[in-house]
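Morning, everyone. Please bring it up on your screens.

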Amino acid sequence: MNKLRLRTNSIIYILAIILVAVLFPTDPVYALNKTVTISEVSPSTSEVKVNGTTEADAVMIQLRNASGDDIIAMKSFPVVDNAFEGSITDITLSEGIEYTVYVADYEGGDFATESFILESEEEVTTEATTEATTQATTEATAEVKDTKTVKAAKTGDNALVAFMFMTMIVSGLGIFLIIRKVRVLKKLKSR
């Protein structure tokens, strides 16, 4: 009887040590939060081109209204040689309205932003003619208002939490079955 109790206690202690060893060395996972810099925003009524630099592997570009509450369009783009370039298409922007471009590391982090007001193509052409320059074309139809950084929520990976939860359930079930088997064996021996 004492040998059975000693063996059961040993198994329970070993399972508890294994459970602690599995759960103890866990490392949390956080967003990479690579810095993003917007170099240029070139909008038109149906497309917004954005380019810039970052050390991230990919970027997420969002086009929002001036207040930043409504996302008009969102797309991800790869980063090649620490530079990204992307176009958000299939949109309809109104002239004289302020819009904001948000760009962040695809894996999470802070947004870099740049606001612009879409000017009419007629105004830009008139200005180019009166100033006799070739710089003001229909592609350069934006007046950049400001650039700022917006803090984004930190993201993380919950896969490790799910693994720990499943490990605890399996370990608890194993301990429960061992204790139940020991009690059944005790009853059989006491008869």
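Start with two strands. Strand β1, residues 36–43, runs antiparallel to β2, and seven bridges join them. Strands here are DSSP runs of E, at least two residues, and helices are runs of H or I, at least four residues, all numbered from the N terminus. Two strands count as paired if DSSP finds at least two bridges between them.

Before going on, the ground rules. This is a predicted model: local features need pLDDT of at least 70, side-chain atom pairs count only at pLDDT 80 or more, and totals for chains, interfaces and linings use all residues. Residues are numbered from 1 along each chain as its sequence is written, and side-chain values use heavy atoms, with hydrogens and water left out.

Back to β1 and β2. A hairpin of four residues connects them. V41 sits opposite V50 in β2.

Now the other side. β2 also pairs with strand β5, residues 83–88, antiparallel over six bridges. T53 faces A83 there. K49 has S87 as its bridge partner in β5.

In general, strands of a sheet pair through backbone hydrogen bonds.

Which residues of β2 lie on its covered face? V48, V50, G52 and T54 do. K49, N51 and T53 are on the uncovered one.

That leads to the core. A nonpolar core is a set of buried Ala, Val, Leu, Ile, Met, Phe, Trp, Tyr and Cys residues joined through side-chain atoms within 4.5 Å. Buried means under 20% relative accessible area, with a 1.4 Å probe and protein chains only. The largest core has 21 residues, and V48, I61, L63, V101 and V103 touch the most other members. The elements that give two or more residues to this core are β1, β2, β3 (58–65), β4 (71–78), β5, β6 (98–105) and β7 (111–118).

Take V103. Beyond its neighbours within four places in sequence, its contacts include V36, I38, V50, I61 and F84. Contact means heavy atoms within 4.5 Å.

Last, the whole chain. It has three helices and eight strands. The pattern along the sequence is α-β-β-β-β-β-β-β-α-β-α. Of the 191 residues, 29% are buried. Among contacts between residues at least 6 apart in sequence, 63% join residues at least 24 apart.

Key. Buried means under 20% relative accessible area, exposed over 50%, partly exposed in between (1.4 Å probe, protein chains only).
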